[in-house]
Amino acid sequence: MKKLLTLSSLLLLSPWLMAQEPETTNDQTVKSSWTDTEQKIEVNQTVSDQAIEQRFARILKVSNRIQEPTVKVTEGVLVLSGWTHDEADKHWVEVAANRTEGVIAVVNNIEVRLGEQWDLDPAVNEALTLYDKMIRALPKLTIALLVLILTWVVAKITVAVGTRVLRRKVQTPFILRMGARLLAVPVVVIGIYLVLQLTGLTNLAMTVVGGTGLLGLIIGIAFKDIAENFLASILISVRRPFKIGDFIAVDGHKGVVQSVTTRGTVIMTLDGNHIHIPNAIIYKSTIINVTANPNVRKQFTVGIGADDSITHAQQTALAVLHKHDAVLKEPEPQVLVDSLGAATVNIIVYFWVNGQNNSASKVKSAMIRLIKKAFDDAKIMMPDEAREVVFPEGIRVIQEPAESSPPAELTKTTEPENNAVEADLSNDVDEIRKQSAENQLSDDDTNLIKEETP
């Protein structure tokens, strides 16, 4: 019963006793370790403690792994002290001590100290190492630099000679420059290989060459549009569907060709706007070169009365066409019957204009005006289309007294022979060509067809 009361008292007081225990701190900076060797403990020592101490002290001095080392041996127990920056050095010393003859146990009191936070010695040592390597590699780098300069000079000479040789057969400047530079590619490749060989980077060069296939595939996918435009620029410069200053229509745009670069073609519209069209679109689209043939055919329809002479109307219209200076005599103009309308006979007037010298739209306007005047003078009617109007309730007619309606004279205006609006029949494209030459977006070096400038 007494034992039971004692046990119960201890259980009740245990929390209070634990709270009263002093807190232990782990502020020790030196972590000691005790290891026993596998050597048999002899009653009579075969190796003296002094010999072990002297021997191991010399080992620590030669290894230079422990700073401020201290070795103490008592009855075969080796006690080590000192400090180091690396945990591996402490472990190495402990392993070496366990292998020493006559050592029964090892007490490792070596302290592992962390390096200073702002210790610049490693950086300085690394910089000195790099400097030493650079000094040793300086002769190779000098020779490699000379080889690189020589490669550049030989490549320039190759390009110059290739340009002179290819100029006799190739007229396109872009193809000429590209062909001459391709001749210099082997020179550049050999030069780069020699430089890599001299600098000891041959393995790196082989690695880069080995990865060229995958790298080329990645670049081809990423720069597909750029490569497509570049190839299209080569084909355009070879095929020459147009030249600088031509008026073309492509991809829904119309304008004067200003320049052709490796990426796209720049045209200036009749509104004065620059449009940059990618070469891939230019090459794959339908191109209408209006300037390629300076002659432009225009036409319009005029309706005459059913009672008028068709032959007389044709001769009257042809006389006006032959008389005008802007209408070409060859191909000759034509006036043909097109169709019979409800109240008219429809005649189509065809004529050709030199679009390089005159504006086809202005000449057409002049022809419509002059033929209308000639038909009026020749009493040729040009009635409206017949229309049927139904009045369900009839027509109410109101007759006014005769004296209230004074006589009225019908006045008819006569059409003049000359018109100030059509005094200038020059082509509008000439003004756009002038503005295009004054507002170039690219220089002559990037223009692939610059030699064809009119």
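## Salt bridges and a sheet

At 36% relative accessibility, Asp132 counts as partly exposed; here buried means under 20% relative accessible area, exposed over 50%, and partly exposed in between (1.4 Å probe, protein chains only). Its partner in a salt bridge is Arg136, which is exposed at 53%.

This is a predicted model, where local features need pLDDT of at least 70, side-chain atom pairs count only at pLDDT 80 or more, and totals for chains, interfaces and linings use all residues. Residues are numbered from 1 along each chain as its sequence is written, and side-chain values use heavy atoms, leaving out hydrogens and water.

Let's look at the charged pairs. The structure holds seven salt bridges, each a side-chain nitrogen of Lys or Arg within 4 Å of a carboxyl oxygen of Asp or Glu. Three of them, among the seven, are listed here:

| Pair | N to O distance |
|---|---|
| Arg136 and Asp132 | 1.9 Å |
| Lys284 and Glu228 | 3.1 Å |
| Lys372 and Asp376 | 2.9 Å |

Arg136 and Asp132 sit four residues apart in helix α4 (residues 121–166), so about one helical turn separates them. Helices (H or I, at least four residues) and strands (E, at least two) are DSSP runs, numbered from the N terminus. Lys284 lies in helix α10 and Glu228 in helix α9, so this pair ties together parts 56 residues apart in sequence.

Now for the sheet. Five strands form an open antiparallel sheet in the order β8-β7-β6-β5-β9, where two strands pair if DSSP finds at least two bridges between them. Strands β8 and β9 stand at the edges, each with a single partner strand, so one side of each has no neighbour in the sheet.
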